[in-house]
Amino acid sequence: MIRLTRRFRFSASHRLHTDRLSENQNRELYGKCNNPHGHGHDYTLEVSLRGPVDPVSGRVADVAALDKLVREQVLAAFDHKNLNREIPALVPTAENLALEIRSRLQRGWAADFPGGWPKLDRIRIAETRRNAFEITNEE
Amino acid sequence: MLITRRVEFSASHVCLNPQLSEEQNRAFYGPDANPHGHGHNYVVEVTLAGRPDPVTGMVFDLKRLKEILNAEVVEPMDHRFLNQEVPPFDRVIPTTENLAREIWRRVEAHFAVGPARLHAVRVYETEDLYVDYFGEAG
């Protein structure tokens with residue numbers, strides 16, 4: 001079994017704000033990230049898959065197929081977008097983005113990788129160089 | 001506790017399966033199938049698992065780990081054409097996956113009797129593509 005990881009980048013703006021809290025509570029909870037005008041990041045996204053190495057190709061996956069899936073399901077929707085306006089019903093924390101990205105990839109996975117292998121293994125997203133958020137497929 | 005040592009080497013390779021047609025190779029490997037080869041600055045991270053020794057405070061001597069990685073990986077692979085100069089890549093396609101497995105195979109004997117055991121081999125082909133291998137059991 002081997003794990004292959006591909007790194008992608010997208011740039012997007014967001015504002016952390018939830019309608020379930022008051023204006024003051026939002027300001028207190030999210031701090032600078034609650035600025036009503038929003039702000040942006042150059043996100044780094046790592047998508048890992050795992051599976052056996054195919055004896056003919058020597059590869060665990062067709063990397064071009066993974067690139068296409070991530071481009072179509074994630075980057076097209078996230079890159080150079082305002083996440084609050086364009087990704088519905090989501091407080092765009094990196095945690096929620098990771099969950100949203102996982103479910104988008106899971107939706108297209110079986111069609112793009114028929115035969116059961118490789119499996120989606122892990123999503124890691126970083127807003128800046130100083131933070132990172134990671135989930136595995138099982139969590 | 002996990003400890004990791006990083007080494008780098010630069011090498012050229014071709015990813016091409018002689019059992020497949022030229023078209024199939026190009027479809028699957030893309031520009032990696034160019035028969036003249038191309039190169040990468042590979043980055044290898046080898047991670048060991050173990051407990052710090054009560055006397056030395058070390059899981060494994062990192063100088064020794066560096067010597068092992070230099071002897072088994074960097075010396076034989078740096079500035080080489082992997083397919084032509086570094087067995088088994090004359091018959092095994094030098095994909096990143098197979099490189100990770102080969103590096104594992106080359107170094108694992110050094111950790112067979114402890115004190116640390118080999119936990120993972122990570123190979124970066126580029127900053128944006130890497131594989132992790134945890135051995136046959138992993």
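I started with handedness: helix 2 of chain B and helix 4 of chain B make a right-handed crossing. A crossing is left-handed if the near helix is turned anticlockwise from the far one by less than a right angle, and right-handed if clockwise. Helices here (H or I, at least four residues) and strands (E, at least two) are DSSP runs, numbered from the N terminus.

Before going further I noted the ground rules. This is a predicted model, where local features need pLDDT of at least 70 and side-chain atom pairs count only at pLDDT 80 or more, while totals for chains, interfaces and linings use all residues. Residues are numbered from 1 along each chain as its sequence is written, with chains lettered from A and ligands numbered from 1 in the order in which they are written.

**Helix pair in chain B**

I looked up the geometry next. The axes of helix 2 of chain B and helix 4 (residues 96–107) of chain B come within 10 Å and cross at roughly 125°. Axes are lines fitted to C-alpha atoms, for helices over the stretch in contact, and angles run from 0 to 180 degrees between N-to-C directions. The two helices are therefore oblique; angles under 35 degrees count as roughly parallel, over 145 as roughly antiparallel, 65 to 115 as roughly perpendicular and the rest as oblique.

Which residues make the contact? Helix 2 of chain B brings B:I68, B:L69, B:E72 and B:V73, and helix 4 of chain B brings B:I103, B:R106 and B:V107. Contact means C-beta atoms, placed from the backbone, within 7 Å.

**Where chain A meets chain B**

I then turned to the interface, where 16 residues of chain A are in contact with 17 residues of chain B. On the chain A side, strand 1 (2–14) and helix 2 (63–78) each give two or more residues. Strand 1 of chain A has the largest share, six residues.

I also found strand 1 of chain A running antiparallel to strand 5 (residues 129–133) of chain B, with five bridges joining them. Pairing takes at least two DSSP bridges between two strands. In this pairing A:L4 stands opposite B:V131.

**Two quick checks**

Chain A has four helices and five strands, in the order β-α-β-α-β-α-α-β-β from the N terminus.

Methods:
Two residues are in contact if their C-beta atoms, placed from the backbone, lie within 7 Å.
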